[in-house]
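Here is a short briefing on one protein–ligand model. It covers the nonpolar cores first, then the ligand and its surroundings.

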Amino acid sequence: MKTPDRDLGMQRNITRRDFINGVALTAGAALLPCSLVAAEQCVLQPVEAEKFSPYYPPALTGLRGSHPGASDAAHCLRDDTFFKTFLTSQSTGEIYDLIVVGGGISGLSAAHFYRKRAGANASILILDNHDDFGGHAKRNEFRVNQAFRLGFGGTFSIESPAPYSREARGLIEELGIDVASYPKYHHGNLYRSLGLHSKIFFDKETFGVDRLVTGPSSFAGGEKDYADSEQEKAWKQMLAQAPIAPQAKQDFMRLLTDNRDYFPGLSSTEKKASLARISYASFLRDVVQVHDDVVKLFQAVPQPLFGLGIDAVAAQDAWGLDLPGFAGLKLDAAPGKGMNRDAIPNEEAEKYFFHFPDGNASIARLLVRQLIPAAVPGNSATDVVMARADYAKLDSAASPVKIRLNSTAVRVKHLGDAASATEVEVAYARHGQVYTARARNCVLACWHVVIPYICEELPQKQREALASAQKVPLLYTNVALRNWKAFQKLNASAVYAPGCYHTRVALDIPVSIGGYECARQPEEAIVVHMMKTPCQPGRPSREQHTLGRIELYNTTFEEMERNIRDQLARTLGAGGFDPARDIAAITVNRWPHGYAYEYNSLFDKFWREGGETPCEVARQTFGRIAIANADAGAYAYTDEAINQAWRAVGELKS
Ligand SMILES: Cc1cc2nc3c(=O)[nH]c(=O)nc-3n(C[C@H](O)[C@H](O)[C@H](O)COP(=O)(O)OP(=O)(O)OC[C@H]3O[C@@H](n4cnc5c(N)ncnc54)[C@H](O)[C@@H]3O)c2cc1C
């Protein structure tokens with residue numbers, strides 16, 4: 001029987017109730033001209049709403065990330081209705097040295113690199129369709145009682161499967177981030193010292209009964225719980241409690257300990273080639289022949305990396321990620337053809353890690369501080385964490401660099417023939433109007449799937465390559481709790497929930513930095529992070545992402561909230577958790593266009609066989625228009641967003 005909404009606290013007046021579709025309707029907003037706030041979509045009219053003091057997106061709760069309204073103009077372009085509605089545009093009369101489309105880390109980095117090349121007085125306009133800058137690197141703020149809490153709304157940390165390039169590392173250093181100093185700020189042993197460990201939640205819909213059991217951190221994430229030597233003990237403990245078939249328990253231990261060579265007679269290279277063509281789910285089911293409960297248990301393990309379950313991740317990648325079953329194959333360490341870069345272990349890359357409490361939003365904010373010092377006060381890479389951005393300063397006549405939010409580029413074209421034109425014109429939709437501005441150069445640092453719709457003059461082959469760049473849909477949900485006593489009672493710090501709406505739940509990573517103090521006592525307010533990737537197991541990866549994106553756009557915040565409350569109640573109820581009482585605020589960061597699509601040996605033949613990749617075709621500079629974004633490297637990481645910005649700027653005409 002479903003828990004009634006009243007018991008889940010659906011009627012409670014948490015902060016999300018103060019917002020309609022993610023736009024503030026606070027007392028302060030009442031000071032805005034009434035035309036600013038329309039009842040349905042809260043579409044802001046053509047005045048500079050960002051200049052009014054209530055405008056502060058990081059503190060908004062409810063549906064954030066790609067918030068309602070952010071993609072409307074782009075979707076109208078896709079559906080070919082945009083220019084049927086907007087027949088005229090208005091010139092702003094502005095002429096810039098550079099216009100950047102996309103205010104994510106790639107777009108901000110492009111502006112940064114361009115200024116290094118052209119000088120600090122270079123005039124730059126950055127357009128972004130969201131109400132906040134940073135792209136995926138967004139920050140969520142909460143006030144719970146007297147406590148100030150931060151959460152990451154997307155891009156979570158400086159990390160990458162491959163070492164940062166000279167340019168990416170150089171930019172991080174220039175921003176003043178001392179990556180090696182991270183342990184100084186991270187309370188690395190906090191949860192363990194309180195007796196908390198990672199857990200697995202078996203849900204009754206998938207496993208017949210709701211049960212929270214011990215689960216080694218390799219499943220749940222969070223702090224590394226057990227020394228390698230103790231892992232087997234932890235697995236045994238998990239199996240003793242897990243509601244799975246007895247045969248599945250035996251098979252699970254066999255999977256961990258068996259030294260059988262499932263491909264006798266094949267060389268290491270041939271074995272890897274075979275593993276590149278079958279999913280890990282098939283490997284488990286058909287090769288190792290484990291019980292189906294074991295497959296279900298592993299199903300969601302690779303979701304945080306790929307936005308896909310084991311049905312769509314190659315067994316070769318599972319081997320690289322150290323998932324069990326491969327010991328007897330005696331594979332040599334060299335990466336096999338078609339291996340995903342995430343799955344190739346690299347010690348140097350693993351050591352390069354830094355997590356700000358708001359994730360890489362701090363990187364975006366540091367970049368904005370360099371570009372427009374008045375907008376983000378302060379002067380160090382640590383004080384940025386508590387700095388309150390002044391959104392009124394982002395688009396100011398006084399600054400050579402301007403960031404114009406709520407502005408979707410809808411048409412980018414050379415004025416004249418691309419080979420000889422001296423200017424590019426960019427039309428953008430903002431608060432129900434279309435404006436144009438001109439620039440000597442343009443960097444498209446936006447999502448590649450959007451580019452064919454806004455830049456029709458690109459060659460057909462390039463437009464097709466751009467259009468093939470899928471995006472991986474995700475939800476990054478932050479739930480502000482009044483305390484985490486239930487987690488302590490249950491000795492839980494992070495929970496892997498393979499059958500649930502959100503497949504991961506974790507207490508915030510405890511980091512205190514730049515005057516920000518994280519929660520250290522279970523009685524204190526905390527942010528709990530939850531992750532969902534809307535997969536459709538059994539289908540090809542791109543199809544799963546398309547269907548997942550549709551699902552996210554079609555799910556209301558209310559449905560998501562109900563799922564969140566229900567899941568937390570079922571997972572933590574035995575520890576005394578009461579969703580109606582304990583939840584103070586919910587922010588769902590919805591990313592229907594999330595990670596850059598990374599090539600997959602199961603579905604992208606060219607990735608196994610070599611040759612030109614679509615992203616190489618897609619990112620060709622055309623006249624005065626260069627193309628950046630993490631999509632340009634088909635690699636969903638901040639270092640790639642920076643690398644591609646650096647390359648794109650380097651390719652611009654002077
Ligand atoms: C939930 C999530 C978690 C992640 N975690 C990590 C992590 O921990 N570490 C890591 O390295 N990477 C992570 N990533 C990957 C992340 O994508 C990159 O690190 C990086 O932030 C990408 O920057 P970008 O500028 O290339 O793209 P984006 O951040 O996507 O920025 C592009 C911007 O262009 C805008 N745009 C699109 N079309 C238009 C238009 N027509 N007009 C105007 N603007 C437009 C978009 O709305 C967006 O704001 C994560 C991504 C997601 C979604």
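The largest nonpolar core has 65 residues, and Ile177 and Val443 touch the most other members. The model is predicted. The ligand is surrounded by 35 residues, and the protein buries 99% of the area that the ligand exposes when taken alone.

**Nonpolar cores**
- Ile177 touches Ile158, Ile172, Phe354, Phe356, Ile363, Leu366 and Ala381, leaving aside residues up to four places away in sequence.
- Another core lies apart from the largest one and holds 39 residues. Among them are Trp235, Phe252, Phe326 and Ala343.

**Shell around the ligand**
- Of the 35 surrounding residues, the closest are Asp128, Asn129, His136, Trp447 and Thr638.
- By class, the shell has 17 nonpolar, 16 polar and 2 charged residues.

**Polar contacts and burial**
- The side chain of Trp447 places an N or O atom 2.6 Å from an oxygen atom of the ligand. Trp447 is also one of the closest residues to the ligand.
- For Thr155, the distance from a side-chain N or O atom to a ligand oxygen atom is 3.0 Å.
- Glu159 has a polar side-chain atom 3.2 Å from an oxygen atom of the ligand.
- Taken alone, the ligand exposes 980 Å², and 99% of that is buried by the protein.

Notes: Residues are numbered from 1 along each chain as its sequence is written. This is a predicted model: local features need pLDDT of at least 70, side-chain atom pairs count only at pLDDT 80 or more; totals for chains, interfaces and linings use all residues. Side-chain values use heavy atoms; hydrogens and water are left out. A nonpolar core is a set of buried Ala, Val, Leu, Ile, Met, Phe, Trp, Tyr and Cys residues joined through side-chain atoms within 4.5 Å. Buried means under 20% relative accessible area, exposed over 50%, partly exposed in between (1.4 Å probe, protein chains only). Contact means heavy atoms within 4.5 Å. A residue is near a molecule or strand if one of its heavy atoms lies within 4 Å of it. A polar contact is a pair of N or O atoms within 3.5 Å; within protein, one must be able to donate a hydrogen and the other to accept it, and residues adjacent in sequence count only if both atoms are side-chain atoms. Accessible areas come from the Shrake-Rupley method with a 1.4 Å probe; for residues, only the protein chains shown count as cover. Ala, Val, Leu, Ile, Met, Phe, Trp, Tyr, Cys and Pro count as nonpolar, Asp, Glu, Lys and Arg as charged, and the others, Gly among them, as polar.
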